[in-house]
Amino acid sequence: MKNRMKTSEKETPPLVRIRDLKTWFPVKRGLFSRTKDYVRAVDGITLAIYPGETVGLVGESGCGKTTLGRTLLGLESAHSGEMFFDGIALHAIRAKAMTPLRQRIQVIFQDPLSSLNSRMTIMDIVTEGLVRFKKISTSKADHARRLLDEVGLPPDAMHRFPHEFSGGQRQRINIARAISLRPEFIVCDEAVSALDVSVQAQVLNLLMTLQERHQLSYLFISHDLSVVSNIADRIAVMYLGRIVESGTTADIIGNPLHPYTKALISAVPVPGNNTGNNTGRRMRLQGEIPSASAPPAGCRFHPRCPEATAVCREKPPERTVTEGREIWCHLYGASDG
Amino acid sequence: MTEQKKQNPLLSVRNLTVQFETDDGLVTAADQVSFHLMKGENVGLVGESGCGKSVTALSIPRLIPSPPGRIAADEILFDGQDILSMTSKEMRQIRGRAVSMIFQEPSSALSPLHRIGRQMTEALLLHRKLPEKEAWQVAQQWLAKVGIADSPERMYAYPFQLSGGMQQRIMIAMALMLSPRLIIADEPTTALDVTTQAQVFDLIRDMKQDDTSMLLITHDMGVVWEMCERILVMYASQIVETGSRDAIFKNPKHPYTAGLLKAIPKLTTSRGKLKDIPGQVPSPFHYPEGCHFQARCPFAMKQCRESQPRFYECGPDHQAACFLLASES
Ligand SMILES: Nc1ncnc2c1ncn2[C@@H]1O[C@H](COP(=O)(O)OP(=O)(O)O)[C@@H](O)[C@H]1O
Ligand SMILES: Nc1ncnc2c1ncn2[C@@H]1O[C@H](COP(=O)(O)OP(=O)(O)O)[C@@H](O)[C@H]1O
Ligand code: SF4
Ligand SMILES: [Mg+2]
Ligand SMILES: [Mg+2]
């Protein structure tokens with residue numbers, strides 16, 4: 001574990017670097033309106049992911065996590081900003097130049113069934129990428145056997161179809177497919193969110209084992225902070241299209257500074273912790289996450305923030321580095337940014 | 001809670017078995033399930049998906065569709081009355097007034113075709129026999145109570161015009177405004193973000209009357225810890241352990257309960273492997289002879305494969321069905 005952590009120190013260049021990335025979706029206002037409105041799903045995100053590390057991306061649903069992941073994968077086009085993978089500018093890349101990168105960047109989604117072709121055998125599913133990139137050295141069955149073994153499935157699974165498996169097994173099949181081309185980077189979008197706890201733990205453990213074995217980097221997207229804290233080396237907390245605080249798991253969970261991070265942590269029911277039931281209340285956020293097409297002015301969190309002051313309603317906070325983490329909040333750093 | 005209240009159960013279920021006729025044969029979704037709820041008590045029913053929690057809960061107000069479902073029980077007593085021998089009319093009375101349900105999907109309780117105010121008012125007219133004007137007032141007050149801003153205007157909204165969190169609040173208002181004796185909440189916050197979930201549970205806590213009982217179904221152990229005094233743990237159609245919140249969390253006796261508690265990802269400051277339970281919940285078509293947990297249990301013995309363990313006492317008001325306890329007691 002120790003040497004894995006080392007890689008996230010800044011001597012090594014990041015594998016993934018995102019700078020002021022914006023992904024907006026146009027929305028129609030009225031039928032005849034010419035002015036375009038946008039859902040600002042991702043609205044100015046800066047983030048680095050180092051080789052071999054897991055960055056956890058958390059936040060309430062609708063805050064833009066999936067859109068950020070999809071933009072990185074080239075499934076949505078960015079409105080502006082930069083994305084680099086191993087120094088290659090993804091934001092400016094041509095479709096043809098993207099092809100070799102598709103081997104190096106993979107994805108695992110939440111719903112394993114809908115992302116598996118129901119008419120293909122497991123063997124064909126897990127070796128599809130190898131066939132496409134002409135990487136079959138021995139036989140498809142050989143490759144399938146090795147991949148299934150890596151994810152803890154028996155070899156006879158290869159002749160069966162996705163619907164014959166449970167949710168946890170299907171996610172293992174997805175993982176086998178995702179690692180088949182020996183990628184360096186995998187976006188895991190709510191990859192364990194639909195699984196039962198006992199199986200969720202199995203799949204999280206598998207992801208960690210594979211990461212250590214193959215030096216993988218993960219962007220681990222989840223709405224569940226408890227899950228994220230168990231796999232992430234660093235955590236970025238997102239709110240309405242922006243990151244509000246990011247740092248090591250130890251700093252973010254052990255010593256959260258941003259009021260939103262504090263509220264998220266305080267909302268997690270912790271078994272065995274007597275702050276619950278009958279014994280008083282912890283910090284609660286009021287209201288709901290506002291619409292991403294009309295984000296509040298100033299700090300986007302201000303309408304729900306228990307510590308908001310006048311400046312929060314007027315000016316968006318600048319990035320500040322304090323106590324080992326990056327934070328976007330007027331309570332920290334110079335007030336003039 | 002006073003001792004007085006403790007003495008008479010509001011609900012008592014004995015040997016409930018629910019089966020479904022399916023294309024692939026008969027499945028047993030709930031198998032000899034027994035439990036009780038005291039007046040004012042909050043009891044959590046936990047377990048992973050497919051274990052029979054919803055089926056158990058829906059049997060109480062007799063909401064299991066039949067066919068394909070079949071309910072059999074030695075008794076389901078609600079406030080001294082035998083649920084299984086009630087007429088449909090008596091049952092409707094119970095469902096409307098005495099027992100309220102809160103589901104994961106607000107759409108299962110709110111009609112998409114009618115405005116919120118009309119839906120709430122109708123329930124009050126029917127079950128509380130209030131004059132129409134007063135019913136409207138009461139409904140509006142409840143909207144305000146569950147934290148819906150602009151409640152007079154929201155009375156005219158259709159469900160689709162409101163966010164999921166707001167619909168959930170309205171469903172809670174509707175469940176609580178008739179002052180039910182029993183609330184059955186089936187994964188009421190599973191679809192919500194933690195921040196909204198916390199708000200919803202605060203609401204239920206604040207709004208629920210002290211002598212109203214609640215059966216809270218969830219797969220989230222953190223939620224039962226916060227909300228419940230007593231816990232029922234279900235695995236593969238059977239209750240495997242029951243006990244006070246503290247007994248279950250601090251001194252779990254069934255290997256499934258212990259495994260589940262260890263497998264829950266807790267908030268942590270450092271990454272690391274979790275203690276998982278190998279294998280998976282068996283399908284109801286493949287429940288084994290003997291203990292249903294045997295294939296995943298680290299302690300399984302010959303006996304476990306041959307017969308089903310009975311319940312053993314492991315403390316005051318704490319029982320578990322596992323052969324490991326046979327030697328202890
Ligand atoms: N294809 C799309 N067109 C329009 N709006 C979208 C699209 N995809 C996502 N959005 C909107 O972008 C915002 C962020 O969504 P998403 O990235 O899915 O959030 P998260 O994954 O954090 O739940 C939401 O308001 C969502 O409704
Ligand atoms: N209408 C039905 N027909 C057939 N099987 C059913 C029906 N309803 C539930 N079941 C089965 O009963 C079992 C228990 O389901 P359920 O009570 O919904 O589990 P839980 O709520 O614990 O997730 C499952 O195996 C499910 O497939
Ligand atoms: S009865 Fe046997 S198999 Fe079942 S939980 Fe106990 S030890 Fe394990
Ligand atoms: Mg998402
Ligand atoms: Mg259920």
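A polar contact is a pair of N or O atoms within 3.5 Å; within protein, one must be able to donate a hydrogen and the other to accept it, and residues adjacent in sequence count only if both atoms are side-chain atoms. This is a predicted model, in which local features need pLDDT of at least 70 and side-chain atom pairs count only at pLDDT 80 or more, while totals for chains, interfaces and linings use all residues. Residues are numbered from 1 along each chain as its sequence is written, chains are lettered from A and ligands numbered from 1 in the order in which they are written, and side-chain values use heavy atoms, with hydrogens and water left out.

| Residue | Atom in the residue | Distance to an oxygen atom of ligand 2 |
|---|---|---|
| B:Gly50 | backbone N or O | 2.7 Å |
| B:Lys53 | backbone N or O | 2.9 Å |
| B:Ser54 | side-chain N or O | 2.8 Å |

On its own, ligand 2 has 560 Å² of accessible area, of which the protein covers 67% (Shrake-Rupley method, 1.4 Å probe; for residues, only the protein chains shown count as cover). The residues surrounding ligand 2 (a heavy atom within 4 Å) include B:Phe20, B:Glu48 and B:Pro284. In this shell, α2(B) gives the most, with 3 residues.

A search of the whole structure finds 0 disulfides over all chains (a disulfide is a pair of cysteine sulfur atoms within 2.5 Å). For A:Cys305, the nearest cysteine sulfur, in A:Cys312, is 6.3 Å away. The sulfur of A:Cys312 has its closest cysteine sulfur in A:Cys299, at 6.2 Å, too far for a bond. A:Cys305 is buried at 17% relative accessible area (under 20%; exposed is over 50%, partly exposed in between; 1.4 Å probe, protein chains only). A:Cys312 is also buried, at 9%.

How values were computed
Helix = DSSP H or I, 4+ residues; strand = E, 2+ residues; numbered from the N terminus.
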